[in-house]
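Welcome, and thanks for taking a look at this one with us.

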Amino acid sequence: MEKQETLTIIRRARPNEKDRILELVGDVFEIEQGIPRNMDDIPAEKSPQWWCIEVKENLVGAIVSWEEPDGVHLGRFVIHPKYRHRHLGTHLLTSVIGSLFAQGYPAVRGDARDVTLEIILKMGGRITGEPYEFYGSNCTPFVVERADFQKTQRL
C-alpha cells in the first residue's frame with residue numbers, strides 16, 4: 001500500500017467547482033458502474049453540500065450530503081481510480097460525517113456499495129435494511145449515529 005499523500009486537503013467545495021466535481025462523479029459512476037450522469041446532481045431544494053478532497057491541488061475525490069425528510073443523507077462518494085487504496089476515501093468520509101454532526105445532525109443516512117459500507121461500519125454505522133441491486137451491484141441502507149461515530153473516533 002502506498003504512503004499517505006502529503007498536502008491533502010478535505011474541504012467544502014466552492015460553488016465554481018461543482019462542474020468539475022460532477023465531471024469526476026460522472027466519470028467514475030458512468031464508466032465503472034454504468035450509472036447515468038443525469039442521476040449525479042442533487043436538486044438545490046435538498047440543500048446539497050458538496051465536499052472534496054484534493055492532493056497537491058488536484059481534485060481527486062468528492063461526496064455530497066443533502067436533506068431528506070428522515071434526515072441528512074450522504075452519496076455520490078467517489079475517489080479517482082489513480083488515488084484509491086491510500087485511505088483518502090476513509091479520511092474524506094470521516095471528515096464529512098464529523099462535520100455534519102458538528103452542524104447538529106443527530107444521524108447520517110445513506111445507501112452504500114459494499115466497499116463503502118465496510119468503511120461506514122468501522123465508523124460506528126449500522127445496516128438499516130436489506131441490500132438491493134442498483135446498476136449491477138449491491139447497495140445497502142445504513143445509518144451512522146453521532147454517539148456511535150464519536151466512540152470510534154476516540155480510539
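Which elements do the buried residues of α3 pack against? They pack against β4, α2, β5, β6 (126–127) and β8. Please keep in mind that this is a predicted model.

**Helix α3**

- The buried residues of α3 are Thr-116, Leu-117 and Ile-120.
- These three lie on the same side of α3, because they cover an arc of only 100° around the axis.
- Val-115 and Lys-122 are exposed, and they sit on the other side of α3.
- After α3 comes Gly-124, which has a positive phi, near 95°.

**Nonpolar cores**

- The largest nonpolar core has 26 residues, and the members that touch the most others are Ile-63, Leu-74, Leu-92 and Ile-97.
- At least two residues of this core come from each of β2 (49–55), β3 (58–68), β4, α2, β5 (107–112), α3 (114–122) and β8 (137–145).
- Helix α2 gives the largest share of this core, with seven residues.
- Leaving out residues up to four places away in sequence, Leu-74 touches a list of residues including Ile-63, Trp-66, Leu-93, Val-96, Ile-97, Leu-100 and Val-108.
- The residues touched by Leu-74 also include Ser-65, Arg-109, Gly-110 and Asp-111.
- There is a second, separate core of 16 residues, and among its members are Phe-29, Trp-50, Cys-52 and Ala-62.

- His-73 belongs to strand β4, which spans residues 71–79.
- With a relative accessibility of 12%, His-73 falls under the 20% limit and so counts as buried.
- The side chain of His-73 makes a polar contact of 2.8 Å with the side chain of Asp-70.
- Beyond its neighbours within four places in sequence, His-73 is in contact with Val-64, Ser-65, Trp-66, Glu-68, Arg-109 and Gly-110.
- His-87 is located in the loop between β4 and α2 (88–102).
- His-87 is partly exposed, because its relative accessible area of 43% lies between the 20% and 50% limits.
- The C-alpha atom of His-87 is 10.0 Å from that of Ile-119, a residue 32 positions apart from it along the chain.

**Salt bridges**

- Side chains of opposite charge can pair when their charged atoms come close.
- The model has 10 salt bridges in total.
- One of these joins Glu-17 and Arg-11, at 2.6 Å from N to O, and both residues are buried.
- Asp-41 and Lys-18 form another salt bridge, with their closest N and O atoms 3.0 Å apart.
- That pair links distant parts of the chain, since Asp-41 is in the loop between α1 (18–33) and β2 while Lys-18 is in helix α1, 23 residues apart.
- Asp-41 is partly exposed at a relative accessible area of 34%, and Lys-18 is partly exposed at 28% relative accessibility.
- Arg-37 pairs with Glu-30 in a salt bridge whose closest N and O atoms are 2.8 Å apart.
- Arg-37 is partly exposed, with a relative accessible area of 34%, and Glu-30 is partly exposed at 35% relative accessibility.

Definitions and conventions:
Residues are numbered from 1 along each chain as its sequence is written. This is a predicted model: local features need pLDDT of at least 70, side-chain atom pairs count only at pLDDT 80 or more; totals for chains, interfaces and linings use all residues. Side-chain values use heavy atoms; hydrogens and water are left out. Helices (H or I, at least four residues) and strands (E, at least two) are DSSP runs, numbered from the N terminus. Buried means under 20% relative accessible area, exposed over 50%, partly exposed in between (1.4 Å probe, protein chains only). A polar contact is a pair of N or O atoms within 3.5 Å; within protein, one must be able to donate a hydrogen and the other to accept it, and residues adjacent in sequence count only if both atoms are side-chain atoms. Contact means heavy atoms within 4.5 Å. A nonpolar core is a set of buried Ala, Val, Leu, Ile, Met, Phe, Trp, Tyr and Cys residues joined through side-chain atoms within 4.5 Å. The arc is that of the directions from the helix axis to the C-beta atoms. A salt bridge is a side-chain nitrogen of Lys or Arg within 4 Å of a carboxyl oxygen of Asp or Glu.
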